[in-house]
Structure formats: structure tokens, C-alpha cells
Amino acid sequence: MNLEELSARAQIHDVLLRYCRGLDRVDMDLVRGAFHEDAFVQFPNPCTSGPSRASSRS
């Protein structure tokens, strides 16, 4: 495994940790930050579904 692959793995690991921490803390901004801007996420009911950047702040 070369340096580029190790770096990519570390970045993926950081995103997974951010996602898990957001779920654990019920911090949807943190969860959304783990996804690409145009990602579409569908959580099971009674959660919500829609664009990952859908704002619950308005």
C-alpha cells in the first residue's frame, strides 16, 4: 500500500467517525457533513428522508 492509498483510507476513516459521532450526538449538521453536497439520504421512518443538505434550520 502506498502513501496515497494510506491517505485516502485515513480520510474515509475520518468521514466515518464524523458520521458516527453525529448520530451518537444527534447532531444532524455533523451527519450531513459526512456526505457530498448532492447526496440523497433516506433514513427509515420515523427519521426523515431527502437531500443530505436539507435544512432543518429554517
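A: **Helix α1, end to end**

N2 caps the N-terminal end of α1, with a side-chain oxygen 3.1 Å from the backbone nitrogen of E4. That is a polar contact (N or O atoms within 3.5 Å; within protein, one must be able to donate a hydrogen and the other to accept it, and residues adjacent in sequence count only if both atoms are side-chain atoms).

The model is predicted: local features need pLDDT of at least 70, side-chain atom pairs count only at pLDDT 80 or more, and totals for chains, interfaces and linings use all residues. Residues are numbered from 1 along each chain as its sequence is written, and side-chain values use heavy atoms, leaving out hydrogens and water.

Helices are DSSP runs of H or I with at least four residues, strands runs of E with at least two, numbered from the N terminus. α1 has 22 residues. Its first and last C-alpha lie 31 Å apart, close to the expected 32 Å (1.5 Å times one less than the number of residues). V26 follows α1 and has a positive phi, near 50°.

Aromatic rings of Phe, Tyr and Trp (its six-membered ring) pair if their centres lie within 6.5 Å; planes under 30 degrees apart are stacked, over 60 edge-to-face, the rest tilted. The count is 1 aromatic pair. The ring centres of Y19 and F35 are 5.8 Å apart and the planes stand at 85°, so the pair is edge-to-face. Y19 lies in α1 (residues 3–24) and F35 in the loop between α2 (28–32) and β1 (40–42), so the pair ties together parts 16 residues apart in sequence.
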